[in-house]
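Hello,

Here is the structure we talked about. My notes follow below.

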Amino acid sequence: MNDNHLIKILCAGAVKEGVRACAELFREQTGIGFDLEHAIGPEIHSRLNAGTAVADLVAMPQNGFATMIEAGQFAPRNVSRVGVVLVAGAIPVGAREPDFGTVEAFIASVQSADRLYISAATSGRYMAGVFERLSLTERLGDRVVTWPTGHETMEALAADTTGNAIGFGHATEIRLHDQRGTRLVGPLPGEIGRETPYAVGLFAGAGEPVAAKQLFDLMVAPRGRALFAETGVSVPA
């Protein structure tokens, strides 16, 4: 192991609590610590493409691994899905309740909102696409406010004083803010909803390949997937 004796993990926000739970269990079992760096999925992918990522393990949307495998940065056997995360909506505590029961109700709720918060991360890019598909982008205009990360999006939502704001993000990240001024409303209607698959991969350039592989094995084993499930990640059957 290197002088730091730490497994370096580069992780997208939607699964960071599951990753953290697995890494903490691994530390209890082995005494090997970890350094968890959080970044949005598109940024992780860009850093991998640019060759600037420093990591032993990477957790990000699964579709981002395909080109990385082709480039030799990950071996196929060392990439595994840990589960899927729903895109959902949230409101500030006490704000007007939106209706996500149908696409029509969703459209009405969004159009009547005073402000809509999304992130520059995977979930926010998806929501921007939903607004475009439903011909809402121009109608919503500058009521849509984009923040760099899911955490910042929820912080801004919690601070909103209009009484009629909605924020969108991955359900796992929204749940982290349930006691911080926001409340999870629920997923989008099925026709426009999304389950984003997330995977973890052992980086080919890992500085701690042996320990990182052991942690990888824990994450994709039943115990690890149970820990992901406890944070709101829907695990594969």
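Where is Q73 found? Q73 sits in the loop between α3 (65-70) and β4 (74-92). Helices (H or I, at least four residues) and strands (E, at least two) are DSSP runs, numbered from the N terminus.

This is a predicted model: local features need pLDDT of at least 70, side-chain atom pairs count only at pLDDT 80 or more, and totals for chains, interfaces and linings use all residues. Residues are numbered from 1 along each chain as its sequence is written, and side-chain values use heavy atoms, with hydrogens and water left out.

Q73 first. Q73 counts as buried because its relative accessibility is 16% (buried means under 20% relative accessible area, exposed over 50%, partly exposed in between; 1.4 Å probe, protein chains only). A polar atom of the Q73 side chain lies 2.9 Å from the backbone oxygen of L48. Beyond its neighbours within four places in sequence, Q73 is in contact (heavy atoms within 4.5 Å) with L48, N49, M68, L202, F203 and A204.

Now I7. I7 belongs to strand β1 (residues 6-11). I7 counts as buried, at 0% relative accessibility. Its C-alpha atom is 6.4 Å from that of G33, 26 residues apart along the chain. Leaving aside neighbours within four places in sequence, the contacts of I7 include F26, D56 and L215.

The whole chain. There are 10 helices and nine strands. The C-alpha atoms fill a box of roughly 55 × 35 × 35 Å, along the principal axes. Of the 237 residues, 51% count as buried.

Best wishes

Definitions and conventions
Polar contact = N/O pair within 3.5 Å; in protein donor to acceptor, adjacent residues only side chain to side chain.
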